[in-house]
Amino acid sequence: MSEIQLVVFDLDGVILDSEWAHEKAKTRIRAELGMKGPVDLTAFTGRSNRVFWQTMLSQAGLEGDVDELVRRQFAIVIEELDKAGQPESPGLSSLLEFLKERGTQIAVSSGSEEYFIRDILRHLGIERYFGVIVTGNDMKELKPAPDIYLAALRRAGVAADHAITIEDSKAGCQAAQAAGMRCIGYLACGKNPQDLSRADYRIDRMEEAKRIILDLEA
């Protein structure tokens, strides 16, 4: 038996389907900067946006303010999500209520900026559930490094074997497991193209995580 005392959620692609909005924002900004040629945006899923823009500027031989590009990207993403009325991932509220009733701590660990994470949680009306928020502002090394998950464990005061994370990217699964945590890969009913073969479990809908948690504790 392993009591689960902490569940950590990734943000983009897990709490809601927002990867499409990030891809749209990156494509739009690249066009504004005159960057030409195709780029595999999915290769950067789960990784630092700063690294993405540093890579883009370097490849294009341009100079630019990486932080400003990241802020511009997040502003476009929020705009697109609001325009689309993007809902939470199916079954998320049900899972959050289940965890709250059990007294399980809930965290979000994301390489995004804190203001963006809080904007997303407020957009969905679920900010109240999250007692621990770890952001890209807090870390020197982002996924696939384990730092962001180790920070969540420290802040919650929970050992890795009593925690589990929900991720949608290969880099995120690597980060969670490097931190000693079990990892649930979110398939989004087959819509997620990422390689989640390293995840310990895989689910299509968020509420399916309830059974995994109960089975671990049986």
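**Exercise 1.** In this predicted model, which helices does the salt bridge between Arg50 and Asp67 tie together?

Solution. Start with the pair: a side-chain nitrogen of Arg50 and an oxygen of Asp67 are 2.8 Å apart, and the two side chains form a salt bridge. Next, place each partner. Arg50 belongs to helix H2 (residues 49-60) and Asp67 to helix H3, so the bridge ties together parts 17 residues apart in sequence. Last, look at accessibility. The relative accessible area is 28% for Arg50, which makes Arg50 partly exposed. Asp67, with 34%, is also partly exposed.

**Exercise 2.** Find how many residues separate Glu32 and Arg72 in the chain.

Solution. The side chains of Glu32 and Arg72 form a salt bridge, with N and O 2.9 Å apart. Glu32 sits in helix H1 (residues 19-32) and Arg72 in helix H3 (residues 66-84), 40 residues apart.

**Exercise 3.** Are Glu167 and Lys143 buried or exposed?

Solution. First, the contact: Glu167 and Lys143 form a salt bridge whose closest N and O atoms are 2.7 Å apart. Glu167 is in strand S4 (residues 163-167), while Lys143 is in the loop between strand S3 (132-134) and helix H6 (147-156), so this bridge ties together parts 24 residues apart in sequence. Both Glu167 and Lys143 are buried.

**Exercise 4.** Decide how many disulfides the model has.

Solution. The two sulfur atoms must lie within 2.5 Å of each other. By this rule, the count is zero. For Cys183, the nearest cysteine sulfur belongs to Cys173, 3.6 Å away, and Cys183 is in no disulfide. Cys189 is in none either, and the nearest cysteine sulfur, that of Cys173, is 17 Å away.

Key
Residues numbered from 1 in each chain as written. Predicted model: local features only at pLDDT ≥ 70, side-chain atom pairs only at ≥ 80, totals over all residues. Heavy atoms only, no water. Salt bridge = Lys/Arg side-chain N within 4 Å of Asp/Glu carboxyl O. Helix = DSSP H or I, 4+ residues; strand = E, 2+ residues; numbered from the N terminus. Buried < 20%, exposed > 50% of the residue type's maximum accessible area, 1.4 Å probe, protein only.
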